[in-house]
Amino acid sequence: MRMYRLVVVGMAGLSLVAGCSGAGTARTQPVAPSAPPKDDGSPSQGGEGGDEHAKALEELKVAPMGWATDRQQSLRLLLPDSANWLRVKFWSTKSLVAFRYGKNHHAVVGGFIVHTPDVNAPGACGKAFEHWAQPWVDAFEVVIAHDPPRAVTWSGKIVDIDSLVATTATLGLHDEYAAAYATYPAWKGACLVLGVAVPAREELDRAKAVRDRFVSDVLPQLQVVVGEEPKELY
């Protein structure tokens, strides 16, 4: 599933590559918010742009938030229009949790676990994730344009949030994503990384607006509800 691999890169490229996003922003036409068609859960390569994608992004910008959880019920996170997200698996890499918004992947959320001896050391979780992400960056030609980083207080600790636009180019295919991720010192020796990737498909302004809502309303509100690192990844 090429789309899942590229979405992982969109969240995992992070601060490893400096540069500018490649594709331009198309004109934004007014559309009414609308949830995507019901997801039947079958495998999907992703989708195209057009009205359905634009309407889905508008829905994610304004829809009420609802709680979602992973299969082990180890964490809780808010999602806009939560009823229309489907819990899925990423292709070729394991995650603690993953969701797609619509069968055409109008947005994807993923949670990953990385390890480091002292999760509370400044920057330790971010460095551990960079090490995990490096093979993905090497495998796909990723160029990243960063927004200024943000730090928030989470469970009495400092969590770093990085927002970016990632442009990938591999096998002659070019994809652009608005993405953000946060690194949480969640368990002894283990960090949780939670991110969102929104494919632009000539709707970069809308994709960035959805990403920014996650930065302000979703990532700081994450709840980890178990005291030990979950045992299963999917």
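In strand β11, Gln223 is the bridge partner of Arg76. Strands here are DSSP runs of E with at least two residues, helices are runs of H or I with at least four, and both are numbered from the N terminus. The model is predicted, so local features need pLDDT of at least 70, side-chain atom pairs count only at pLDDT 80 or more, and totals for chains, interfaces and linings use all residues. Residues are numbered from 1 along each chain as its sequence is written, and side-chain values use heavy atoms, with hydrogens and water left out.

Stay with β11. Two bridges join this strand to β2 (residues 75-80), and the two run antiparallel. Two strands pair if DSSP finds at least two bridges between them. The open sheet has three strands in the order β1-β2-β11, with antiparallel pairing. β1 (65-69) and β11 (223-224) stand at the edges with a single partner strand each, so one side of each has no neighbour in the sheet.

Now turn to Arg100. This residue lies in strand β4 (residues 97-101). Is Arg100 buried or exposed? Arg100 counts as buried because its relative accessibility is 2%. Buried means under 20% relative accessible area, exposed means over 50%, and partly exposed is in between (1.4 Å probe, protein chains only).

What does the side chain of Arg100 reach? A polar contact of 2.7 Å joins it to the side chain of Asp39. The Arg100 side chain also reaches the backbone oxygen of Ser42 at 2.9 Å. A polar contact is a pair of N or O atoms within 3.5 Å; within protein, one must be able to donate a hydrogen and the other to accept it, and residues adjacent in sequence count only if both atoms are side-chain atoms.

Asp39 sits in the loop between α1 (2-12) and α2 (51-62). Asp39 is buried too, with a relative accessible area of 13%. A polar atom of its side chain lies 3.5 Å from the backbone nitrogen of Lys103.

Next comes helix α4 (residues 204-218). Its 15 residues reach 20 Å from first C-alpha to last, close to the expected 21 Å. That expected span is 1.5 Å times one less than the number of residues. Buried residues in α4 include Leu204, Val210, Phe214 and Val218. Arg206, Arg211 and Arg213 are also among the buried residues of α4.
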